[in-house]
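Visitor: I have a structure here and some questions about how it is put together. Could you take me through it?

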Amino acid sequence: MTSAHQTFSSDKGGANASYIPYLASVPSDLFGIAISFPDGQVLEVGDTKYEFAIESISKVFTLAKVLEEIGKDKFLATIGSDATGEPFNSVIALELHKEHPSNPFDNAGAIATVSLLNAKSADDRWNQIISTYSLFAGRDLTVNEEVYKSESDTNAHNRGISWLLKNSGKMFTDPDQACDVYTRQCSVAITCRDLAIMGGTIANHGVNPVTKKQVISRENVQPILAEMAMNGLYDNTGTWLYNTGLPGKSGVGGGILAIVPGVCALAVFAPPLDVFGNSVKGQKVGAFLSEKLGWSLLNK
């Protein structure tokens, strides 16, 4: 892990996300790596205590909550698990699929997933989500209000997607409420260590490796990993899987999560992104460590 940090710390590839003003202001030289193991051990190097926006990695944990509520079969029938072949925020993808979301990791599917939660109010819906995230992290997480405001000021596109979902019957609460809660979940502040533990809970069959609490049922781990393997890194998911052989999920805040089931979870934080919205250093670290440590699930 230390060798990976040393190898890629001077890499200047990529650029911070600029379409969300706050993310553009995050220091681009921040770089942390953390690995969480089932026995509770967490190895860390670099900037692992800096809090960054979870962004689209949040979709993994909202999916986990919804799977617990409605089960994998109903979820698959309602949302789906197929790649769209279009950008993650594509409206064209919705139109091509008769306004039906294709998977929970593109924006349409993620907002629809939020709307599936059985909630009495917007506050109830949000409290279910943040409490789930906190169980995964093993500590109380909060929203970065500056990120939330920055995202809320620039989310007109997602509001439009929400109303298209309403039009097709694939929105299961008020569209503006679902979009707002989705925006808020993307604004949750986490550290690289938090992300490793959250992923470590998935790697450990749903049991938080630090608190030892059963956060999700073991049977729901497989569909989460399947979605990560198929759709986790936007339009570069295939290349990631080719290079690492691991289920992964990225966020435009600079985080990348990779799961080695039963073994560990890798979290990397480095803000500069490639053209698809994935951390450049994060992808390189994932490929480097997977090769060095024999993590690939496709080479067993």
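Visitor: Which residue just after α14 takes a positive phi?

Guide: The model is a predicted one. In it, helix α14 covers residues 280–293. Just after α14 there is a residue with a positive phi of about 65°, and that residue is Gly294.

Visitor: At the start of α14, which backbone nitrogen does a side-chain oxygen of Ser279 reach?

Guide: Ser279 sits at the start of α14, and its contact there runs from a side-chain oxygen to a backbone nitrogen. The oxygen comes to within 3.0 Å of the nitrogen, which belongs to Gly282.

Visitor: How far apart are the end C-alpha atoms of α14?

Guide: Helix α14 has 14 residues, and at 1.5 Å a residue they should span 20 Å. The model agrees with that expectation, as the end C-alpha atoms are apart by 20 Å.

Visitor: How many of the 14 residues of α14 are buried?

Guide: Buried here means under 20% relative accessible area. Among the residues of α14 that qualify are Val280, Val285, Phe288 and Leu289. The helix is largely enclosed by the rest of the structure, because the number of its residues that are buried is 10 of the 14.

Visitor: Which elements do the buried residues of α14 pack against?

Guide: Both helices and strands take part. The helices are α1 (2–8) and α13 (237–244). The strands are β1, β7 (255–260) and β8 (264–269).

Visitor: Is Gln283 buried or exposed?

Guide: Gln283 is found in helix α14. Leaving out residues up to four places away in sequence, Gln283 touches Leu233, Asn236, Trp240, Ile256, Asp274 and Asn278. Its relative accessibility is 14%, so Gln283 counts as buried.

Visitor: Which residue in β8 stands opposite Ile33?

Guide: β1 and β8 pair in the antiparallel sense over five bridges. Within this pairing, the residue of β8 opposite Ile33 is Val268.

Visitor: Which residue in the turn between β1 and β2 has a positive phi?

Guide: Strand β1 (residues 32–36) pairs with strand β2 (residues 42–46) in the antiparallel sense, over five bridges. One of the bridges joins Ser36 to Val42. The two strands form a hairpin with five residues between them, and the turn residue with a positive phi, of about 95°, is Gly40.

Visitor: Three strands form an open sheet. Which of them stand at the edges?

Guide: The order in this antiparallel sheet is β3-β5-β4. β4 pairs with β5 (residues 188–190) over two bridges, and the bridge partner of Val143 in β5 is Val188. A strand with a single partner has one side left without a neighbour in the sheet, so the edge strands are β3 (52–53) and β4 (142–143).

Visitor: How far apart in space are Leu225 and Ala203?

Guide: Leu225 lies in helix α12 (residues 221–231), and at 13% relative accessibility it counts as buried. Leaving aside neighbours within four places in sequence, Leu225 is in contact with Ile202, Pro247, Ile259 and Pro261. Leu225 and Ala203 are 22 residues apart in sequence, while their C-alpha to C-alpha distance is 9.3 Å.

Visitor: What radius of gyration does the protein have?

Guide: The protein contains 14 helices and eight strands, and its C-alpha trace spans about 50 × 40 × 35 Å along the principal axes. Buried residues make up 59% of the 300 residues. A compact globule with 300 residues would have a radius of gyration near 19 Å, and the protein agrees with that, at 17 Å.

Technical notes: Residues numbered from 1 in each chain as written. Predicted model: local features only at pLDDT ≥ 70, side-chain atom pairs only at ≥ 80, totals over all residues. Heavy atoms only, no water. Pairing = 2+ DSSP bridges. Helix = DSSP H or I, 4+ residues; strand = E, 2+ residues; numbered from the N terminus. Expected span 1.5 Å × (residues − 1). Buried < 20%, exposed > 50% of the residue type's maximum accessible area, 1.4 Å probe, protein only. Contact = heavy atoms within 4.5 Å. Polar contact = N/O pair within 3.5 Å; in protein donor to acceptor, adjacent residues only side chain to side chain. Rg over C-alpha atoms; globule rule 2.2 N^0.38 Å.
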